[in-house]
Amino acid sequence: MEKPDSADVWSEPTGTTKCQDLNGKAVTAGSVTSLTRNRVVFHNGTGTVNRSAGTATIHWQGSCTSVFCGGLTYWSATDPTLTVKADGTATLTATATGYGTGMNDPTRRSSPSAMSP
């Protein structure tokens, strides 16, 4: 994972900075403008590229996990694959897992299908 600083220089976040905005302020889930800009970067994928056809399939091994809303939602994506079609559209797929918890009991773990709206 990496994130930018206020000078737009990208580096790996620390335990302290991963939940902060560009200026070092803690982000809040209640704001659409309060952003960490964290991103996952995949390296060393394997696959095939057909330049003449304009297609590609690249696969990476590994997982990334996201914790959202102060630890109330956890999700992971494992072994992503990027498929590029000749028309230029692409799809990124992965095996997804996750669970939610509650503010009153953060030790409670519920699968997404068991969570009520």
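Visitor: Why is Arg37 called partly exposed?
Guide: This is a predicted model, and the relative accessibility computed for Arg37 is 36%. Buried means under 20% and exposed means over 50%. Arg37 has 36%, so Arg37 counts as partly exposed.

Visitor: What makes the contact of Asp8 and Arg37 a salt bridge?
Guide: The N to O distance between their side chains is 3.4 Å. A salt bridge needs such a nitrogen within 4 Å of a carboxyl oxygen. The value of 3.4 Å meets that limit, so the pair is a salt bridge. Asp8 lies in the loop between β1 and β2, and Arg37 in the loop between β2 and β3, so the bridge ties together parts 29 residues apart in sequence.

Visitor: Is Asp8 buried, exposed or partly exposed?
Guide: Asp8 has a relative accessible area of 46%.

Visitor: Which other residue has a positive phi without being a glycine?
Guide: Asp79 is one of them, with phi near 50 degrees. Its place is in strand β6, residues 73-84. Its relative accessible area is 32%, which puts Asp79 in the partly exposed class.

Visitor: How many salt bridges does the structure hold?
Guide: It holds two. Besides the pair of Asp8 and Arg37, the side chains of Arg39 and Glu2 meet in a salt bridge.

Visitor: How do you know that Arg39 and Glu2 qualify as a salt bridge?
Guide: Their N to O distance is 2.6 Å. The limit is 4 Å, so the pair qualifies. The pair links distant parts of the chain, 37 residues apart: Arg39 is in the loop between β2 (10-11) and β3 (46-50), and Glu2 is in the segment before β1 (3-4).

Visitor: Why is Glu2 called buried, and what is Arg39 called?
Guide: Glu2 has a relative accessible area of 19%. Buried means under 20%, so Glu2 is buried. Arg39, at 38%, is partly exposed.

Visitor: What makes you say that the charged end of Arg39 sits over the ring of Trp10?
Guide: The charged end is 3.5 Å from the centre of the Trp10 ring. One condition is a distance within 6 Å of the ring centre, and the other is a position within 35 degrees of the ring normal.

Visitor: What is the nonpolar patch on the surface made of?
Guide: Val40, Phe42 and Leu92 form it, with about 260 Å² of accessible area together. Val40 lies in the loop between β2 and β3.

Visitor: Which residues does Thr93 contact?
Guide: Leaving aside neighbours within four places in sequence, Thr93 is in contact with Asp79, Pro80 and Thr81. Thr93 lies in strand β7, residues 90-100, and is partly exposed at 43%. Thr93 and Thr78 are 15 residues apart in sequence and 9.1 Å apart in space, C-alpha to C-alpha.

Visitor: Where does Thr65 lie, and what does it touch?
Guide: Thr65 lies in strand β5, residues 63-68. Not counting residues up to four places away in sequence, Thr65 touches Trp75 and Ser76.

Visitor: Why is Thr65 called partly exposed?
Guide: The relative accessible area of Thr65 is 49%. Exposed means over 50%, and buried means under 20%, so Thr65 is partly exposed.

Visitor: What makes up the protein chain as a whole?
Guide: There are zero helices and seven strands. Of its 117 residues, 19% count as buried. The chain exposes about 8,500 Å², and carbon and sulfur atoms supply 54% of that area.

How values were computed: Residues are numbered from 1 along each chain as its sequence is written. This is a predicted model: local features need pLDDT of at least 70, side-chain atom pairs count only at pLDDT 80 or more; totals for chains, interfaces and linings use all residues. Side-chain values use heavy atoms; hydrogens and water are left out. Helices (H or I, at least four residues) and strands (E, at least two) are DSSP runs, numbered from the N terminus. Buried means under 20% relative accessible area, exposed over 50%, partly exposed in between (1.4 Å probe, protein chains only). Accessible areas come from the Shrake-Rupley method with a 1.4 Å probe; for residues, only the protein chains shown count as cover. Patches are made of residues with over 30% relative accessible area and no salt bridge: like charges are joined within 9 Å, nonpolar side chains (Val, Leu, Ile, Met, Phe, Trp, Tyr) within 5 Å. Contact means heavy atoms within 4.5 Å.
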